[in-house]
Amino acid sequence: MFAMQYGFDVTDAEAVRQRVKEIGSRFDQLPGLYTKAFLVADAIDGSPARYTPFYIWNELSGMSDFLLSDAFRAVIAKYGRPVVQRWNKIAFFKGQAATQTPVLAIQQFIDIPEDVDLAQLCALQATDAEAMTHEHGLHSVFIGLDTTAWKLMRISLWHVAPVSSHEGKSFEVAHLSAPGMNRETK
């Protein structure tokens, strides 16, 4: 399991939400895809609106096939060719609301200093993520490692806003396609 994400600053978040309503279900059966969260953030405090879909893949071939597909060519035609970030899974946990539709995502990036023991840091982050599974409203949490920038990334999806505070950038989940997760619950 691994994750990928790309994103675009957009002038109109509402237009993105409308587009997601039109195309979101196309990903509900995408081969190799575990989940795709269509993430949208409105312009705030001088930051532009943002569209940044987040994918978790079961198979590397699924991601490769998608990046070579007509669907991704359409993304490039609409927004330009993005930088695609990728993370290897450190931890993934489903929360108590895993069968509910998430409405909020919180994403955090954690720098990894050279003098930090990577294994210990990853173990600590995995333990913290597992503890989140007891929080009301958690759909799922993914911790990934980027070995190019040497950062950890944590993203949590929520059915309702968390009671406790979590650091990071918040996004609306405009749609969740979850073919891999849905197969597990059947």
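Contact means heavy atoms within 4.5 Å.

This is a predicted model, in which local features need pLDDT of at least 70, side-chain atom pairs count only at pLDDT 80 or more, and totals for chains, interfaces and linings use all residues. Residues are numbered from 1 along each chain as its sequence is written, and side-chain values use heavy atoms, with hydrogens and water left out.

View 1. Take contacts between residues at least 6 apart in sequence: 77% of them join residues at least 24 apart. Of the protein's 186 residues, 47% are buried (under 20% relative accessible area, 1.4 Å probe, protein chains only).

**View 2. The largest nonpolar core.** A nonpolar core is a set of buried Ala, Val, Leu, Ile, Met, Phe, Trp, Tyr and Cys residues joined through side-chain atoms within 4.5 Å. The largest one holds 21 residues. M4, Y6, F27, Y51, Y55, W57 and F66 have the most contacts inside it. Elements that each supply at least two residues include β1 (2-5), β3 (33-41) and α2 (60-67). Helix α1 gives the most, four residues. Helices (H or I, at least four residues) and strands (E, at least two) are DSSP runs, numbered from the N terminus.

**View 3. Around F27.** Leaving aside residues up to four places away in sequence, F27 touches L33, K36, F38, Y55, F66, S177 and P179.

**View 4. The second core.** This core is separate and has 19 residues. Among them are A41, A105, F142 and M181.

How values were computed
Buried < 20%, exposed > 50% of the residue type's maximum accessible area, 1.4 Å probe, protein only.
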